[in-house]
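Here are a few exercises to work through with the structure open beside you. Try each task before you read on.

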Amino acid sequence: MKARAKSSVSSSRAVSSAKRAAAAPIEEGLFALLGEHGHEQVSFASDADSGYRGIIAVHNTLLGPSLGGTRYWHYANAGEAIRDVLRLSRAMTYKAAVAGLDLGGGKSVIIGDPDTAQREPIFRAHGRHVEYLGGRYITAEDVGTSPADMEMVRRETRHVAGLPGKSGDPSPVTALGVYRGMKACARHRWGSDDLAGKAVAVQGVGHVGYHLCQHLHQEGATLIVTDVVDEKVQRVVRDFGATAVAPDEIYTARADIFAPCALGACINDTTIRQLKVEIVAGGANNQLAEERHGDQLEERGVTYAPDYVINGGGLINVNAELAGWSPERAHRKAEEIYDTILRVLAIAREEHIPSYRAADRLAERRLADAAARKRKVPGT
Ligand code: NAD
């Protein structure tokens, strides 16, 4: 039998008091990190046979079990991995809350070479680690992991989503949500959500970008597109009559809307000055290089659809798999992103704050309501 992964933070009773005293500075640092953003639990596990080293962070389970993918990355050290998993798990709480899902926020990271060929023992050890948490955390694929890896996790736990042949490629649902969120921005900005005749500059025409272009083309929008892979650009030029530009020309394109669908940190000190658009609305994660770039978009009068609100369709798709929703129900939920973006922009206007902060407020209100309900019903 394989050695079982040992959960070191959650099974801290195993640590003798003498050892605990010796390790006090590290432990205090860890608890301070957990306390900083209100994380509920962090579990560390290692498996000597496979070399697995994994961390699971459960940020918040007020709305339901925490859900978030498994990131496999060659972190320089454990500290880097801890910071990443804490940051990412917290972001999942906010994403699930604004999407109106009964899910909390969690995330896991595996420290190592994401291209390793020895995947089965690693992912089975990870599966056992997930299983130890007894359903408080549900995992799925993320950077460095695939549905096939999740299949191996599934051999050890049922608390896993995004399996091959289940909810499938989330990008059509994500793109639908982005399209609906973009229309909401148009309505907020121009009084009409009709995108016919509007020019949209799409950065990255991979999975999400391609499907987004399809919706926009059907509505009569003009497309300006770029990608670092020429075949992908040619496909949207051919299928939707898009105009291609070089990757570094997309920011200066004369367009009404900029739709980042490729990389994070695309709104930064350099690009923010180049943009000529009135709306930024796209599917990419972590679009703002730093929060202050969200403030700067506001100062420049650009309507910004906060990334984690507008790209919530991927999470909705995973939730559909867990909850047994039909594809139609998942689509209807993704369409609600229209109303959520309108609500976020209304909060921003009423409270004189940038939209990315308004999104956080909306999430925090839902969490506060859930906490209040819990206090009223003892034992829940
Ligand atoms: P993808 O890899 O299919 O597409 C990204 C595209 O961007 C690729 O075609 C790539 O060649 C291109 N690209 C990379 N660097 C570029 C550059 N410098 N300039 C122009 N193009 C560049 O990924 P995806 O699934 O379409 O996801 C796109 C973004 O949306 C990512 O940030 C992802 O994290 C986010 N997202 C995706 C989903 C989903 O359902 N797939 C859900 C939520 C968020």
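**Exercise 1.** Find which helices each supply at least two residues of the shell around the ligand.

*Solution.* Keep in mind that this is a predicted model. Go through the shell and you'll land on helix 6 and helix 7 (207-219), each giving at least two residues. Now take the whole shell, which holds 24 residues, the closest being T174, G204, G206, A262 and G314.

**Exercise 2.** Check the span of helix 6 (residues 171-190), then work out how covered the helix is.

*Solution.* Start with the length: helix 6 has 20 residues, and at 1.5 Å a residue the expected span is 28 Å. From first C-alpha to last, the helix reaches 28 Å, close to that expectation. On to burial: 17 of the 20 residues are buried, so by that count helix 6 is mostly covered. Then step past the end, where G191 follows with a positive phi, near 80 degrees.

**Exercise 3.** Work out which residues of helix 15 are buried and what they pack against.

*Solution.* Helix 15 (residues 355-376) runs for 22 residues and reaches 32 Å, close to the 32 Å expected. Its buried residues include S355, Y356, A358, A359, L362, A363 and L367. For the spacing, recall that an α-helix has 3.6 residues a turn, so residues three or four places apart point the same way. Last, list the partners of the buried residues, among them strand 3 (52-60), helix 3 (78-98) and helix 14 (337-351).

Notes:
Residues are numbered from 1 along each chain as its sequence is written. This is a predicted model: local features need pLDDT of at least 70, side-chain atom pairs count only at pLDDT 80 or more; totals for chains, interfaces and linings use all residues. Helices (H or I, at least four residues) and strands (E, at least two) are DSSP runs, numbered from the N terminus. The expected span of a helix is 1.5 Å times one less than its number of residues. A residue is buried if 20 or more other C-beta atoms lie within 10 Å of its own, exposed if 12 or fewer, and partly exposed in between; C-beta atoms are placed from the backbone. A residue is near a molecule or strand if its C-beta atom, placed from the backbone, lies within 6 Å of it. Two residues are in contact if their C-beta atoms, placed from the backbone, lie within 7 Å.
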